[in-house]
Amino acid sequence: MQTLILVLAAAGLALAATLAVRPLRRAVLTRPIFAAYRKVLPQMSDTERDALEAGSVWWEGELFRGRPDWRKLHAYPQPKLSTEERAFMDGPVVEACRLVDDWQVTHELYDLPHAAWRYIKEQGFLGMIIPKKYGGLEFSAYAHSEVVTRLSTRSSALAVSVMVPNSLGPAELLLHYGTEEQKNHYLPRLAKGIEVPAFALTSPWAGSDAASIPDSGIVCKGIYQGREVLGMRVTWDKRYITLAPVCTLLGLAFRLYDPDGLLGDRKDIGITCALVPYDHPGVDTGRRHFPLNAMFMNGPTRGKEVFMPLDFIIGGPKMAGQGWRMLMECLAAGRSISLPSSNTGMAQMTARAVGGYARVRSQFKMAVGKFEGVEEALTRIGAYTYMMDAVRTMTAGAVDLGEKPSVVSAIAKYHVTERARKVVNDGMDVIGGKGICLGPSNFLGRAYQQVPIGITVEGANILTRSLIIFGQGAIRCHPWLLAEMQAAQDDDPARGLLAFDRALFGHIGFTIRNGFRALRQGLTGSHFVTVNTDVAPEMRRYYQQLTRFSAAFAFLSDISLLVLGGSVKRREKLSARLGDILAQMYLISCTLKRYEAEGRQPADAPLAHWAIWDAMYKAQQAFDGVIANFPNRFIAAFLHRSIFPWGHPYVVPSDEVGHQVARLLIAPSPTRERLTAECYVPLDENEPVGAIELALAATLQAEPIEAKIREAEKAGRFDGNPRANVRDIATVAAECGVITAVEAEIMRRRNHLRDIVVRVDDFPFDYGVATANKPAEPRMAA
């Protein structure tokens, strides 16, 4: 026994000595691991490397670290509008909304009205991101987000027509990479709406796998403007290109080849981005798709062996082959704003209108919003809208801080659009038959119809969840993993070995520390976790639990990468669940940030509590999903005991908190105003959302009078009167002296507005037949 103890002690001392002496450690331990790692690590393509290295790591890096620094979260400045931006929101944005009637757009014009197009061009909507020196508005990312959010509460066609030119496209690419000549020529024209831009990337054969586009150009000489120049003969076939049918300036991505070596030794130059006027010979645009009757302009663009000079390349000939990096570096900013903003607008409109409708509409002598079953739907609508707006705001704020948050933008895009889908579905369930009959008074039908657009575009949600959030996040956010990969691929093996040694043992220490931290915090229920900044007492436990989840996530990720290696990429379900954990932690962080930034409003607390608790529960389920499907069952059992030693801390959010959330949606209050702050609400009974607002106020005024009528009804005052029905009982009550003339007028006004709200549109039986073969509208002049 003593001999065994001595042997083990000697082995321990030898290992400690080996680890302490770095040259010895590298020779004995690191070198063979380094050699094996270099063999198994797949070679990274240029496009994969560009995608991984593009953008920046922001708050998600703290969540991946296992010990989030909450001081950093609350030190990020809360985005605010400037005086100029606020005036734009209160003036031109409101007017743009007024100029658009969504039923007219989607069912009659199949386009925005000419007056709306003219207005958004003249007022600079298409040039919000363009600096003032070029004639643009030079708005912040947050202002851009606010504008898109409000426009989305009115019309998707209006919002998309504004957001696309300000997202990934010609203006964004020109600002970062264009030549001075290109900037000086195009940016003022884009800012004034003289040019309408579109950007063509997606092809029928390479949708989400955009790097594999088959569209190609060949470097050659040709005739341009009457003289021979060095250029490209480009062939492309693109689809789903927003604004392509009306664009005057087409951004085009294609793969450029130089078989004759006219530019140098490289035959395959790579993906290249060019700007092509829509009327350039050979360019074929003008046809359109109908994306679920949204009626924003979207369509194909094609060209076959179209000759264009090298000067058409964004940035000039020197940027040939740099297109994929350009796109990856700019994608995060646009994706951080466009779809999170438009879908948050959709959710705000749903929360406000459905909440009001649920108070106005009665069944069984009670407002439907007070039924517990309806409350469940209203709860999700309210809490998800609160969280979605928190994510939108914080993510846009990151862009204003100079970040290009590629992982965060993917999280925001995926989870905001998915929650929007749930919000609108719940809204449709609440309004029932009102929602399924399209017409001018249906305020939600088009949103329900168009929800899948946000799920599909800018990276399909299924692939965003299963491939990008964790697949890219693990490499970008992990403090050591990318360094290990870069060291293993170093052309100088000696230099690579030194870097790999530092990264490897940093990684080992990181994993061990997080493992012990996760176990310790699990055993103590995270009650002793220090939150290193002042936070609202009612939210403190979430910071503690989120710190615990961060450590557990970091540990689980490292064990998964160690056991599964490169196969994690192929195990998309496990990767998706790991991404879900990271994403839910980010959503919770945004919600906590919002609650603090808005002054810890006690009335808003139910919204934050329910949204955070729900996200914590979802994160916990994602942990379970990874562990339950871990291929090594022994390690799975070890992980479960390490992360949840006493079982699960979260169950579904409480019904009582849900009840409080639902009540916030069905009555006017400062909380309801904050929740739906960007809604365009015209107080006009001929507008469907405006009618609901007016009817809600009238309903609240009438409820005490209605209570008097109910008491009289119970007392038998109206027995035998056939007119004492749900529709006419107020009139009978006035005739019987139960209510005064003033009260009767209040009830009449309430009934009038209620009937407008619950009205469902109907049409002649042959409606639409006469226009079924109507010729297509001519191309709108830009």
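Guide: Let's begin with two helices that touch: Arg548, Ala552, Phe555, Leu556, Ile559 and Val563 in H21 meet Ile635, Phe638, Leu639, Ser642 and Ile643 in H24. Keep in mind that this is a predicted model.

Visitor: What sort of residues make up that contact of H21 with H24, by class?
Guide: The contact of H21 with H24 has nine nonpolar residues, one polar and one charged.

Visitor: OK, so at what angle do H21 and H24 pack?
Guide: The angle is about 170°, and the axes are 11 Å apart. Angles over 145 degrees count as roughly antiparallel, so H21 and H24 are roughly antiparallel to each other.

Visitor: Left-handed or right-handed crossing?
Guide: H21 passes H24 in a right-handed crossing.

Visitor: What about H21 and H23, where do their axes go?
Guide: The axes of H21 (residues 540–564) and H23 (residues 605–628) come within 12 Å and cross at roughly 20°. That's why H21 and H23 are roughly parallel to each other. H21 passes H23 in a left-handed crossing.

Visitor: Which residues make the contact there?
Guide: On H21 they include Tyr542, Leu546, Phe549 and Phe553, and on H23 they include His609, Trp613, Met616 and Gln620. Ala552 and Leu556 of H21 are in this contact too, and Ala552 and Leu556 also meet H24. By class, the contact of H21 with H23 divides into 13 nonpolar, four polar and no charged residues.

Visitor: I spotted some rings around there. How many aromatic pairs does a search of the whole structure find?
Guide: It finds 24 aromatic pairs. One of them involves phenylalanine 549 and tyrosine 650: the ring centres are 6.2 Å apart and the planes are at 75°, so the pair is edge-to-face.

Visitor: Where do phenylalanine 549 and tyrosine 650 lie?
Guide: Phenylalanine 549 lies in helix H21, and tyrosine 650 is in the loop between helix H24 (633–643) and helix H25 (655–665). So the pair ties together parts that are 101 residues apart in sequence.

Visitor: Changing topic: how do H18 and H19 cross?
Guide: The axes of H18 (residues 461–477) and H19 (residues 481–488) come within 5 Å and cross at roughly 80°. That makes H18 roughly perpendicular to H19. Ala474, Ile475 and Arg476 in H18 meet Leu481, Leu482 and Met485 in H19. By class, that contact of H18 with H19 has five nonpolar, no polar and one charged residues.

Visitor: Now the strands. Do E2 and E3 run parallel or antiparallel?
Guide: Strand E2 (residues 216–224) and strand E3 (residues 227–242) run antiparallel, joined by nine bridges. The bridge partner of isoleucine 223 is glutamate 228 in E3. Their hairpin has two residues between the strands, and glutamine 225 takes a positive phi near 55°.

Visitor: How many bridges join E3 to E6?
Guide: Nine bridges, and E3 and E6 (residues 298–309) run antiparallel. Lysine 238 stands opposite threonine 301 in E6.

Visitor: Last one: where does isoleucine 129 lie?
Guide: Isoleucine 129 is in the loop between helix H8 (114–122) and helix H9 (141–152). Setting aside neighbours within four places in sequence, isoleucine 129 is in contact with His144, Pro165, Asn166, Ala171, Glu172 and Leu175.

Conventions
Residues numbered from 1 in each chain as written. Predicted model: local features only at pLDDT ≥ 70, side-chain atom pairs only at ≥ 80, totals over all residues. Heavy atoms only, no water. Axes fitted to C-alpha atoms, helices over the stretch in contact; angles between N-to-C directions. Helix = DSSP H or I, 4+ residues; strand = E, 2+ residues; numbered from the N terminus. Parallel < 35°, antiparallel > 145°, perpendicular 65-115°, else oblique. Left-handed = near helix turned anticlockwise from the far one by under 90°. Contact = heavy atoms within 4.5 Å. Nonpolar A, V, L, I, M, F, W, Y, C, P; charged D, E, K, R; others polar. Pairing = 2+ DSSP bridges. Phe/Tyr/Trp six-rings, centres within 6.5 Å; stacked < 30°, edge-to-face > 60°.
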